[in-house]
Amino acid sequence: MPARMDSLPNRRAIIDRRVLADELAKLEPDPGQPLRQAGTKLLRAAMDAGRAEIERRFMEHPTRGLEMAASGAFLTDQILRLLWDFTVQRLYPNNNPTSAERMTLIAVGGYGRGEMAPFSDIDIGFLTPWKQTSWSEQVIESMLYALWDMGLKVGHSSRSLDEMVRQAKADGTIRTALVEARFVWGDMGLYDEAAARFKLEVQADTARAFIATKLAERDNRHRKMGDSRYVVEPNVKEGKGGLRDLHTLFWIGKYAYEVRRAAELVDKGVLSAHEYRQFNRAENFLWAVRCHLHLIAGRAEERLTFDFQREIADRMRYSDRPGKSAVERFMQFYFLQAKRVGDLTGVFLAHLDEKFAARGRRFGLPMLRRAPRKLKGFILDRGRLALPGDDFFQRDPVRLIELFQLADLHGLEIHPLAMRGAARDAKLIDEWRDDARANALFLDVLTSPRDPETVLRWMNEAGVFGRFVPDFGRVVAQMQFDMYHHYTVDEHTIRAIGLLSEIERGGLKEDHPLSSTIIGQIASRRVLYVAVLLHDIAKGRGGDHSVLGAGVAERLCPRLGLSAAETETVAWLVRWHLLMSATAFKRDLSDFKTILDFANHVQSVQRLRLLLVLTVVDIRAVGPGVWNGWKRQLLSTLFDSAEEVLRLGHKQKGRSERIAAKQDMLAETLGWDADTRAKFVRRLAEPYWIAEPIDVLEANVRQMIAAGDEQLSISAQVYPDQDATLVTVYAADHPGLFYRIAGAIHAAGGNIIDARIHTTRDGRALDNFLVQDPFGQPFDEPARLARLEGAITEALSNRAKMTEKLRRKPLARARADAFSIQPAALIDNKASNRFTVIEVNARDRPALLYDLANALFQSKVTIHSAHVATYGERAVDTFYVTDLLGEKIDNAGRLKSVERRLVEAAGEGEAVQAA
């Protein structure tokens, strides 16, 4: 029995095997209930009682993860032993078994380690000396049926010893399961024979191949799970830094060092006593989280999603602190434990490398191609930067920074034992933060033209980064409890720096053509790199992180060696790093006042370039799927418009000249004569010509010509440059048209990301919608486009009960229930000269835009454009509106009424009843 089971307190309160054995012995055959069923019923009741006791203890001590896991395995052991004895003594007695009828029951996998979460599978194996006899088949079948009747998920195998050896040699999964095999019950001599044969015939001289296989499996698993231990919804079991990584170390430790428990790695010199305590603490914490996950979900759930995080934080008794909620503190501790798992893995692999060095290349690491001459006292150990002695950092703490600068400069990996030393001595850099050489070396790493992301990540893993820049240390493992950000703040920042470096090297020209062009025109590279480093540095402090971050920049930049002018620019960039995205995504860029206000804020072309690149890498580093062609188009449009204003002033090209230029271009494209041109100029009002780009103008006019006098014309076509589908509705105008179209698009499975509403001078509506599917991609299949057009036709002909349809649609993101967002409507009469601008913040859900548009319709307000931005669970919908006479809404009472209707509509979970 594993040591953890032996140390469980008051085990008989969980299950008393002696008492149960007596009760099973008293059972008599009953015609109404077969003996096996009676025994199974008794064992099921004992198992349920034992689980209840284990859960009760866990609720009293919610951080004792290892005790919980060991208790589950102990309970399972006792149930299996009782079932075995009952089966072979009462159901299929065999008083004089032959040598061929010997049999043993083993635990494998996690159960073999003596660790079980509440809903883990039970992995067992039946071993026989040779081919199974009819008696052993009966016993195995009866036990399995009993276990299934108890509601257990059982992974099972039955093999002879020869089959065990043959299959373990051929299949790595079977071999790994048997590495953890443990005797449960039956013939002990047979188990000993099986263990000896496995060690001699399977394990001997295969350690190197086994280790390489396990490390390759680990790398593949990491890639599948996101290849970062800082994903904000981590997989506790399979994710990077999770339990499976600890299991991999355990498997390799057993194989390479022949240890039974992780604690024995200290005696082997692989881990120090302090590192083993870290190992044990991380394992205990991860097991506690996993067990809470299973209990809350009521199933084998391994992903720590937002809807579970808050409840587990509460169960584990975390509390709020100023600037940081309980759930954020819980998740920060989770990520610190995941980081420790990574640190321990590095140390462990370093020892493996030394142990097997003579037999070939290092595990998963490239060989050195050249030997740099100047290593400033550091040495090379088989191609990796290493320390000449344990006191190397103590003699000159600036070497803690120089280690990483040299690794970057020469393209070297750092020896895990050097990383271990850096982590151990990281606190020494505290007294050298103001040292000019240390800061110059750090800035060299940050602004490296090579691969700053990798080296900064190493520096962060060692704990040196957070020690040298304490403000950064405060955001290490700091999660952002929302569905928008995929990574912790430190990981997001390091990824943003990596993206900036890749753009500068020309690696992202296709995704970011504008940024790739203008980055070469930026006057100070280091201003941009430092701004990216500091843009989120003040998150988790309470208050506006942009304002607080600008204060950090003003203090830190001079220390890093930046001039007063550079410091001012960095502070401005940090203060306003959200300005460009907020303007591009939440405002109407065809409204010239939007451009003028933005340009007045930015004030210089150089700042504009810096802000664009900072905005791009910030959005891209949020996580996969956040960046798309629509965002690229909006940012590019804003940049081009603002640059024109900043270069040439406000009157370089008047409104009428811009309209005339578009009309001329369209006339040339369509081959219009003067009369046709004049006809369309008369039909379409000036705001239309300003608002729409030339390709949309062309598509709209072609549709109008094709429609003729038809009452309704719908066009849906893929708009590939913007990762969206352009849906145009040309119809007789009437009140409520916009919200009905919006409802139909939602009912067909579309998300509206932008809408422009126009009315021709002869009373026809011409509305353009940009639509994506729920995954941020365009509708591009003919069947989906047809369904979209059909839904709009139904809605406008009143054949469809839109409210009922929308009510039946499921919530797009059920996990959004984990977040509490108070709806708010902000009304601004200064943002536009012609329109009242209304911005609504609410929790994202299907048909939110429909509900809001309906509320505006009920308020007798005319919508001229709508702009939709989503940030995970939060939606920000912006409307440019007027009253029915086309004037701004300036009556305070009416504005208050509109605000109240919108807040009510945003807060409702279902569509407002259509008029």
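Which residues does Phe330 touch, not counting residues up to four places away in sequence? In this predicted model, where local features need pLDDT of at least 70 and side-chain atom pairs count only at pLDDT 80 or more, while totals for chains, interfaces and linings use all residues, Phe330 touches Phe285, Val289, Leu304, Gln309, Ile312, Ala313, Met316 and Tyr318, contact being taken as heavy atoms within 4.5 Å. Residues are numbered from 1 along each chain as its sequence is written, and side-chain values use heavy atoms, with hydrogens and water left out.

Phe330 is also one of the residues that touch the most other members of the largest nonpolar core, together with Ile124, Leu304, Phe442, Leu534 and Val570. This core holds 202 residues, a nonpolar core being a set of buried Ala, Val, Leu, Ile, Met, Phe, Trp, Tyr and Cys residues joined through side-chain atoms within 4.5 Å. Here buried means under 20% relative accessible area, exposed over 50%, and partly exposed in between, with a 1.4 Å probe and protein chains only. Helix α4 (residues 65-91) supplies the largest share of the core, 14 residues; helices (H or I, at least four residues) and strands (E, at least two) are DSSP runs numbered from the N terminus. Another core, of 51 residues, lies apart from this one and includes Val840, Ala842, Phe879 and Ala906.

The axes of α4 and helix α6 (residues 134-149) come within 10 Å and cross at roughly 135°, where axes are lines fitted to C-alpha atoms, for helices over the stretch in contact, and angles run from 0 to 180 degrees between N-to-C directions. The two helices are therefore oblique to each other, since angles under 35 degrees count as roughly parallel, over 145 as roughly antiparallel, 65 to 115 as roughly perpendicular and the rest as oblique. On the α4 side the contact is made by Leu80, Leu83, Trp84, Thr87, Val88 and Leu91, and on the α6 side by Trp135, Val139, Ser142, Met143, Ala146 and Leu147.

Strand β13 (residues 836-843) is mostly covered, with seven of its eight residues buried. It pairs in the antiparallel sense with strand β12 (residues 824-828) over five bridges, and also in the antiparallel sense with strand β15 (residues 874-883) over eight bridges; two strands are said to pair if DSSP finds at least two bridges between them. Leu826 has Glu839 of β13 as its bridge partner, whereas the bridge partner of Val837 is Tyr880 in β15.

A further open sheet is formed by three strands in the order β5-β6-β7, with mixed pairing. Its edge strands are β5 and β7 (413-414), each of which pairs on one side only. Strands β6 and β7 pair in the parallel sense over two bridges, and Arg384 stands opposite Glu413 in β7. In the loop between β5 (379-381) and β6 (384-386) is Arg382, a residue other than glycine whose phi is positive, near 50°, and which is partly exposed, with a relative accessible area of 29%.

Lys860, in the loop between α39 (848-858) and β14 (861-871), likewise has a positive phi in a residue other than glycine, near 60°, and is exposed, with a relative accessible area of 53%. Arg57, by contrast, lies in helix α3 (residues 35-60) and is buried, with a relative accessible area of 12%. Leaving aside its neighbours within four places in sequence, Arg57 is in contact with Pro9, Asn10, Ala13 and Ile14.
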